[in-house]
Amino acid sequence: MAKFFQNQLAEGTCKIPAGFRNFEDSTIKPEDIRLVLQSAFATSLLHVESRVASSMGLGFYTIGPGGEELTSVIGSILQEGDGMALHYRHLAAQVARQLKSGKPLEQVLLDRARGHTVSSLDPVSGGHHCAIGGGDRDFLVTSTLASQAPQAVGRALGSALASQLELPCLLAPGSVSLVSVGDGSVNHAQYLASLNIAEYATHRRFKCPLVFMVSDNGVAISLKGFDWLQKEFIHKLRMKLFEADGRDMFDVWTATERAVEYSRKKYKPSFLLFKNLPRRFGHAATDRQGAYLTPNEIKEVAEVNPMAYASAQAVASGAVTYSELHDMYADIWEKTKAAFDIAVNEPKVTERSLVQAATAQPLWVPEVKPPRESMIRSPPNANNDKYLPKDKVPMRKHMTEVIKESLEDTPSLVYTGEDVEHGGYYLITDGLARKFPHRVKDFPPEESVLIGLGIGYSQVGLLPIVEIPYAKYLDCGVDQFFEAAILNWLSAGKQPCGMVIRLQGFDRGVFGGNFHTHNTLHIPPGIDVVCYSNGPDYARGMRNAIQQAKAGRVVMTVDCTNLLNLKHVDEEAKDEAWLMPYTQRGDMASFDEVTCYGPRDASLAIVTYGNGVVTSLQAARIVTEKHGIPVKVIDCPYLSGLPMGLIDSLQGVDKVVFADICKFGQHPLGAHIGSLKYRNMLPDKWQVAAAQPTYNPLGTYLTFLNVPDVVDAVEMLLKTA
């Protein structure tokens with residue numbers, strides 16, 4: 001087909017279909033026409049050569065723009081300060097933008113060839129994946145359907161908010177964000193949620209300058225469209241619609257220009273639809289079109305070439321001649337082949353250490369690194385008797401105070417979630433919206449959007465804390481959660497999305513049942529997960545989390561509901577042991593720290609975190625009273641890796657119980673056990689106590705980790721001694 005089109009250019013036989021726009025009907029200039037066609041040709045030929053490389057076993061990604069080459073118009077129209085996130089089939093917009101910026105054609109082609117052949121020199125992903133991007137304002141898109149949409153809404157809202165707060169922003173003042181998908185992706189829940197939140201923003205009069213662009217080629221991989229998009233879907237939109245025949249260069253230019261200008265001037269979302277597109281050459285090289293299309297259907301689609309129509313329009317406009325277009329096409333083809341010849345011979349990523357190094361940004365460390373011995377901390381309530389009763393408060397008060405403190409100290413910090421303006425379900429943000437009215441904001445209950453907003457906010461330069469009201473609700477936004485985890489790796493560290501996720505409603509409780517007392521955690525590579533047991537440690541840990549997020553890392557703090565207002569460890573004695581004074585401002589807890597309760601030289605230890613600390617302290621008292629054996633409880637809040645403090649605190653321990661508040665078989669301390677064993681640092685005698693691998697009924701603590709579980713695990717060890 002590429003040869004056939006080249007012959008058409010040589011012979012000057014391209015035709016303009018009836019009903020297409022004339023040159024005079026649009027504002028496009030001759031130099032714009034040449035850029036649009038140069039980018040379209042380059043995109044098409046990159047697709048051709050990616051198929052060749054794949055057939056030889058040298059290329060590994062072949063989703064391409066067969067029919068959508070005129071999306072190059074988008075890159076020609078968008079300004080340098082605008083944001084863009086593209087579906088793979090819309091690569092032409094990226095190529096046009098790069099050429100418009102002055103990047104040499106040879107470099108554009110080589111960089112894309114490197115992506116297709118996963119060269120380690122690929123400037124976008126470093127050989128990790130074939131991703132579209134490369135510019136400061138060109139945001140990476142994963143292969144997950146429509147996952148780019150929530151983040152684009154975040155960038156649009158975030159850039160407007162940054163401007164309102166007079167803060168630095170990656171996107172220029174008055175900028176527009178654009179996000180594109182194919183017609184199949186408009187049915188995805190994340191996409192529908194993104195449209196909804198953009199429309200909601202307009203209703204609330206929030207500035208949201210965002211263009212949703214969709215190309216309709218009538219088939220989603222193998223599922224035909226049945227005119228659903230154009231006959232039904234677009235009529236449900238509550239935003240301005242701009243339509244174009246995607247085969248008509250001048251129509252595409254006019255509609256795109258109007259959509260971008262509308263969103264830029266009105267600060268509102270718009271929907272840009274390119275219709276009547278063919279999907280030439282199938283979805284990808286592995287596509288079996290013959291399984292769902294007839295030979296005649298495949299032939300008819302292959303004969304529809306928007307580049308041929310655009311070439312005829314360009315020649316008719318006087319912007320270029322057929323001879324010039326033929327020479328341009330031939331030159332680009334030779335340069336594309338040369339680019340692939342270079343890329344296929346470049347080194348791949350062959351060392352695990354290099355892959356792992358890109359998982360997250362480097363840990364932030366203070367200028368004066370604390371000594372290793374300080375990684376084992378004394379209990380924060382050790383000196384409680386020195387403080388007046390009014391100075392000792394429950395964990396919830398510490399949490400509110402440290403968030404307020406962080407908002408005061410960090411102007412770019414924004415806090416978003418559901419019901420956070422009135423204080424949230426647990427009063428953690430009580431009063432903060434009054435003090436920081438533009439920076440503490442509610443959004444409707446849609447967790448994909450909430451986390452996507454956080455990613456987008458981070459990408460434009462804000463520092464978000466995203467509150468998820470209940471741990472179970474994270475499941476509703478889990479794809480965006482994993483997007484946050486993988487984006488640093490996908491971009492080889494070039495596009496981190498530093499943020500803090502506050503996960504509430506975790507573990508022990510009688511209200512709400514499993515759906516409000518969930519005790520399963522997602523701990524993917526790329527996210528630091530911490531679960532603190534008391535107020536002072538939470539405050540110190542949140543300060544560290546803010547610093548890590550500033551450095552580009554994603555940190556999730558997990559809040560145990562039972563601890564928020566807890567006063568006593570010994571309920572009968574009313575000891576008020578869990579009411580503690582607020583920590584000194586600036587005091588931080590590193591991920592390597594643990595806290596040791598009880599005698600440090602004890603040879604029997606219980607390792608735990610979060611609500612498990614109180615449970616284990618209660619169990620330890622029973623064990624000591626019953627068996628006369630001293631027990632130390634090691635509070636290990638960092639769950640994403642093995643803290644140095646835990647390694648050191650287990651020195652001299654010959655028996656250890658790992659008391660995990662998560663469900664058995666999915667318990668994060670299991671990873672700690674494996675890491676200790678790998679280092680030959682796991683005591684010979686060890687046992688696990690964990691929550692039951694089921695779901696907790698409403699109104700009971702039946703399946704949660706409890707004191708008898710921990711005592712039984714300890715006594716099993718004692719029996720084997």
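Met56 is exposed, with a relative accessible area of 57%. In this predicted model, Met56 sits in the loop that runs between helix H2 (30–55) and helix H3 (72–77). Together with Val52 and Leu58, Met56 makes a nonpolar surface patch of about 250 Å².

## Helix H16

Helix H16 covers residues 447–460, and its 14 residues reach 20 Å from first to last C-alpha, close to the 20 Å expected at 1.5 Å a residue. The helix is mostly covered, with 14 of its 14 residues buried.

Just after H16, Gly461 has a positive phi of about 120 degrees.

## Salt bridges

The count of salt bridges comes to 36. Two of them lie in helix H12 (residues 322–343). Lys335 and Asp331 pair at 3.0 Å, N to O; being four residues apart in H12, they are separated by about one helical turn. Lys335 is partly exposed at 25% relative accessibility, and Asp331 is partly exposed at 34%. Lys337 pairs with Glu334, with the closest N and O atoms 4.0 Å apart, and these residues are three apart in the helix.

Arg585 forms a salt bridge with Glu408, the closest N and O atoms being 3.3 Å apart. Arg585 lies in the loop between strand E14 (554–560) and strand E15 (594–597), and Glu408 in helix H14 (residues 395–409), so the pair ties together parts that are 177 residues apart in sequence. Salt bridges with shared partners join Glu401, Lys404, Glu408, Asp409, Lys435 and Arg585 into one network.

Definitions and conventions:
Residues numbered from 1 in each chain as written. Predicted model: local features only at pLDDT ≥ 70, side-chain atom pairs only at ≥ 80, totals over all residues. Heavy atoms only, no water. Patch = residues over 30% accessible without salt bridge, like charges linked within 9 Å, V, L, I, M, F, W, Y side chains within 5 Å. Areas by Shrake-Rupley, 256 points an atom, 1.4 Å probe, with all protein chains shown as cover. Salt bridge = Lys/Arg side-chain N within 4 Å of Asp/Glu carboxyl O. Helix = DSSP H or I, 4+ residues; strand = E, 2+ residues; numbered from the N terminus. Buried < 20%, exposed > 50% of the residue type's maximum accessible area, 1.4 Å probe, protein only. Expected span 1.5 Å × (residues − 1).
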